[in-house]
Structures are given as C-alpha cells and as structure tokens.
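Please consult the sequence and structure shown below while reading.

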Amino acid sequence: MRVLAMPPMPGMGDPHAVMSGPMWMPTAPPTVANVLAWHPQPVPVMSVLAVALLLGYGAGVLVLRRRGVAWPVGRTLMWVVGIASILFVTGTGIDGYGMELFSVHMIQHMALNMLCPVFLVLGAPVTLLLRVLPAGHGRKGRVRRGVLYALHSVPASILTHPVVTFALFVMSLYGLYFTPAFDFLMGTWWGHNLMLIHFLLIGFLYFWGILGVDPSPRQTGRGLRSISGEVLPVLELAATTPFHAFFGVVVMMSTTLLVHFYATPMPGWNIMPLADQGVGGGIAWGFTEFPTLLVLGVLVSKWQRSDARKTAAAERRSARVGDVDLDEYNDYLLGLSDRDGSRG
C-alpha cells in the first residue's frame with residue numbers, strides 16, 4: 001500500500017502522484033478479498049461520520065424508550081443498514097481502489113448517491129429528532145422550534161422542490177464528470193471526502209422528498225404550495241432514469257477518457273484506463289435498477305397502508321352513523337322519484 005501525504009508537485013507525470021493529504025492508495029492488484037477487506041483511510045472521515053450518525057440515532061431511540069415511547073424496530077433496522085452500507089463503501093478497500101480505478105469509484109458513487117440514502121430516509125431521522133427534542137413554548141423547546149422553523153422556511157421549500165432536487169441529483173453526474181471538477185476534487189484528501197459527502201447529502205435530499213417518510217418542507221405548504229401526492233414521487237423517480245442511462249451509455253461508448261485522474265494505469269495490474277472507464281459506465285447504467293425497484297416497492301406499500309387506513313376509518317364511521325354516501329344517494333333517488341310523481 002501507499003499513503004500519500006506529500007503536497008502536489010507540478011510537472012509530475014502520474015496523476016495519482018499529485019494527490020495531497022493522508023490517503024491510502026493500494027498497490028496490490030484488485031481482487032475480491034483486497035477490495036472488500038476492512039481498510040479505513042488514515043483519516044477516516046466517512047467512517048467517523050457514519051459511526052457518529054449511528055450513535056446519535058441510537059441515543060435518540062434510548063431516550064424515547066426511557067420515556068416509554070415506542071419506536072418502530074423496522075426504522076432502526078433501516079438506519080443500521082444505511083450506516084453499514086456507508087461503511088462498506090468507505091471503510092473497506094473500495095475507497096482505496098476507487099482512487100485507482102474508475103469502475104470501483106463508480107460503485108462507490110452509485111452506492112452513496114442512490115442506495116445508502118434510501119435506507120437512511122426509511123430510518124425517519126427527522127421524525128426521531130422531533131420526538132426526542134423537548135417541546136414547549138419556553139426555553140426548553142427552543143431547539144425543536146428551530147428545527148420546525150427550518151422545515152417551514154421558504155429556502156427549505158425551494159431546496160426540496162422537485163425541480164431543484166432533480167437538477168442537483170442529475171448534476172451530481174454530468175456536472176462532476178464532464179467538467180474539471182472531478183480532477184480538482186480528487187487531487188486532495190479533503191476534496192475526495194467532500195465529494196463523498198456530497199453524494200450522500202444529494203441522495204438523501206432527493207429520496208427524502210420522494211419517499212415522504214419524514215416531515216419535509218414539501219408537506220408544510222408554506223412558501224410553495226404543497227406538492228405531496230401519489231403521482232409526483234413516481235414521476236420524479238422515473239425522470240432521472242433516462243439521464244442515468246444516457247450518462248452510462250456515453251461513458252461506455254467514449255473513445256477518450258472523461259477524467260484525467262485515472263489516465264495512468266497501475267503497473268502490473270493489466271487494466272487499461274479506457275476499458276476500465278467503459279466498465280464504470282456499465283455500472284452507472286445498470287446500478288439504478290435495484291434502488292428504483294426498492295423505492296417503488298416502498299411507495300406501493302405506503303399507498304396500500306394509506307388505503308387500508310382510509311377504508312377502516314370509513315367502516316368505523318359507517319358503523320357509527322351509517323353509510324352517509326349511500327343515504328345521500330338514496331335521498332337523491334327518492335327526490336327524483338317524487339318529482340316524477342308530481343309531474344305525472
């Protein structure tokens with residue numbers, strides 16, 4: 001292995017050599033064992049962030065339990081799976097080999113942008129936070145009121161608008177790889193970690209609005225009209241699919257390297273950068289299917305539960321006061337019959 005801690009030196013031929021900061025970059029050929037082995041970076045920014053999110057969530061669940069408030073086990077499980085998936089692509093050899101191979105980097109990108117956020121959103125962290133924070137009009141409930149104010153604010157409504165989240169999500173692909181931004185960010189350890197955090201945040205913002213598990217600015221109706229519903233999430237989900245497919249096809253069919261960071265092949269690996277870029281394009285093209293099906297399944301399940309609740313409520317109302325709709329319809333028919341009789 002090699003740990004790069006030298007500042008970039010101009011004129012060096014190997015693009016990897018200009019990486020500045022404490023980054024582990026492997027020299028052994030990529031095997032399944034090497035890529036999947038536990039190997040956090042010397043400064044494990046993403047791993048520390050993931051563990052902090054896990055501990056914070058766990059502390060919130062414990063607070064609710066001490067108050068005697070139940071928290072769904074399924075939500076906790078989804079959060080744990082989301083954190084585990086983050087650790088899997090940032091705390092193992094995937095992170096190091098992603099610095100050497102575009103294809104491995106694309107696995108990391110797709111997971112952080114499209115898979116990890118889905119599980120995190122299903123963990124309902126905003127709901128958990130609002131339940132844990134003390135309520136009230138005095139000093140005690142100040143933090144909770146601040147969170148609610150942020151959720152109801154116009155800037156938050158704009159940021160979570162479908163057009164904005166769609167643009168941010170798509171630009172995570174086109175704006176990064178078709179501009180010099182990727183080479184610039186990959187040149188430093190902080191830029192690399194900033195890019196990974198960006199993938200995760202944009203994915204969370206995107207799926208937060210689509211899944212609708214947590215309270216969000218979309219559901220407040222303030223600043224912008226309420227845009228929650230059953231059709232819009234499916235349209236949002238479907239809208240990004242062609243862009244991912246087109247991006248993958250362009251990368252696969254490209255006869256030149258899109259990014260220069262991977263221009264120099266690793267000695268002894270027998271992996272040509274252009275061929276590896278084609279594999280990365282195929283990963284970007286095919287990876288979207290599983291997260292899309294997962295989100296669609298969650299949406300269908302959510303709609304079925306909503307319909308079941310509405311049906312049960314209607315049945316309870318009917319048992320108490322009778323079938324109001326049927327009674328009104330019968331009265332309408334009776335009125336028509338009386339009018340016909342009076343005319344006769």
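**Structural briefing**

In this predicted model, 41% of the 344 residues of the protein count as buried. The secondary structure consists of 15 helices and two strands. Two topics follow, the interior and the surface.

**Interior and contacts**

- Among contacts in the protein with a separation of 6 or more, 74% are between residues 24 or more positions apart.
- The largest nonpolar core has 72 residues.
- Within this core, the residues that touch the most other members are I86, Y177, F182, F207 and L211.
- Once residues up to four places away in sequence are left out, I86 touches M46, A50, G91, L112, C116, L120 and L200.

**Surface**

- V249, M252, M253 and W285 make a nonpolar surface patch of about 400 Å².
- Helix α12, which spans residues 231–253, contributes the largest share of the nonpolar patch, namely three residues.
- One of the patch residues, M253, is found in helix α12.
- M253 has a relative accessible area of 63% and is therefore classed as exposed, the cut-off for that class being over 50%.

Methods. Residues numbered from 1 in each chain as written. Predicted model: local features only at pLDDT ≥ 70, side-chain atom pairs only at ≥ 80, totals over all residues. Heavy atoms only, no water. Helix = DSSP H or I, 4+ residues; strand = E, 2+ residues; numbered from the N terminus. Buried < 20%, exposed > 50% of the residue type's maximum accessible area, 1.4 Å probe, protein only. Contact = heavy atoms within 4.5 Å. Patch = residues over 30% accessible without salt bridge, like charges linked within 9 Å, V, L, I, M, F, W, Y side chains within 5 Å. Areas by Shrake-Rupley, 256 points an atom, 1.4 Å probe, with all protein chains shown as cover. Salt bridge = Lys/Arg side-chain N within 4 Å of Asp/Glu carboxyl O. Core = buried A, V, L, I, M, F, W, Y, C linked by side-chain atoms within 4.5 Å.
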